[in-house]
Amino acid sequence: MHQPPSPPPREPDTLILGIGNLLLSDEGLGPRLVRRLEVESGPGAPFRCLDGGTLGFTLATDIAAFARLIVVDVATLGEPPGTIRVFEDAAMDAHLRAHASSVHEVGLADLLDITRLTDSLPQPRALVAIEPERIDWGEHLSLSVEAALPGAIAAVHALLRRWGDE
């Protein structure tokens, strides 16, 4: 008996954007986390991972191409190093405005404002943030941030499940 062809795989509509600088210890969290997610998920994942490096205005085009957005980065939370917090939608916007200073070329708030102006701001969106221990020259995460990686990955998966992407 002949089976009908399988439908083509669905294009991912969630972008997981890891931002940071791999040469500044804990600041390299975002790119490391998205690489790990890519390896664990393999081909056909219902999301796309992107190493956003230290940000740049060109990322606005990548962000605008997706319906949903998860950003992973270190952030000063006033908590012990390795603490994970998730900010969604308006709470994400408020957090980014309150902490506008950035070691990146462009602030994440600025980048999201560009997509907002072109009416392509992803809905829903979230920031998975981890309190850094050390932002200094170095190619390795601190022990506390390294230990927080599995929890941050779990937070990303929880968002994906809630948004219907897993």
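I began with Ala-75, which touches His-95, Ala-129, Ile-130, Glu-131 and Pro-132 once residues up to four places away in sequence are left out (contact: heavy atoms within 4.5 Å). The model is predicted, with local features needing pLDDT of at least 70 and side-chain atom pairs pLDDT 80 or more, while totals for chains, interfaces and linings use all residues. Numbering starts from 1 along each chain as its sequence is written, and side-chain values use heavy atoms, without hydrogens or water.

**Ala-75, continued**

I placed Ala-75 in the loop between β3 and β4 (84-88); helices (H or I, at least four residues) and strands (E, at least two) are DSSP runs numbered from the N terminus. Is Ala-75 buried or exposed? Ala-75 counts as buried because its relative accessibility is 13% (buried is under 20%, exposed over 50%, partly exposed in between, with a 1.4 Å probe and protein chains only). I also looked up Glu-27: 48 residues separate Glu-27 from Ala-75 in sequence, and their C-alpha atoms are 9.0 Å apart.

**Cores**

I listed the largest nonpolar core next and found 25 residues (buried Ala, Val, Leu, Ile, Met, Phe, Trp, Tyr and Cys, joined through side-chain atoms within 4.5 Å). The residues with the most contacts inside this core are Ile-16, Leu-29, Leu-33, Ile-70, Val-72, Val-128 and Val-156. At least two core residues come from each of α1 (29-41), β3 (68-74), β5 (125-130) and α5 (143-162). Helix α5 supplies the largest share, 9 residues.

Leaving out residues up to four places away in sequence, Leu-29 touches Val-72, Asp-73, Val-74, Ile-130, Leu-141, Val-145 and Leu-149. I noted a second, separate core of 23 residues, with Leu-15, Leu-50, Leu-69 and Leu-96 among them.

**Helix α4**

Which residues of α4 (residues 108-117) are buried? I read off Leu-108, Ala-109, Leu-111, Leu-112 and Thr-115. Viewed down the axis of α4, these buried residues fall within an arc of 160 degrees (directions from the helix axis to the C-beta atoms), so they line one face of the helix. I checked what the buried residues of α4 pack against: β1 (14-19), α2 (59-64), β3 and α3 (89-98).

I then took the pair α3 and α4. Their axes are 9 Å apart and they pack at an angle of about 130 degrees (lines fitted to C-alpha atoms, for helices over the stretch in contact; angles run from 0 to 180 degrees between N-to-C directions). The two helices are therefore oblique to each other (under 35 degrees is roughly parallel, over 145 roughly antiparallel, 65 to 115 roughly perpendicular, the rest oblique). On the α3 side I listed Met-92, Asp-93, Leu-96 and Arg-97, which meet Leu-108, Ala-109, Leu-112, Asp-113 and Arg-116 of α4.

**Backbone entries**

I looked up positive phi values in residues other than glycine. Asp-89, in helix α3, has phi near 45 degrees. At 24% relative accessibility, Asp-89 counts as partly exposed. Asp-119 counts as exposed because its relative accessibility is 74%.

My last entry is a cis peptide bond between Gln-123 and Pro-124, with omega about 0 degrees. I placed Pro-124 in the loop between α4 and β5.
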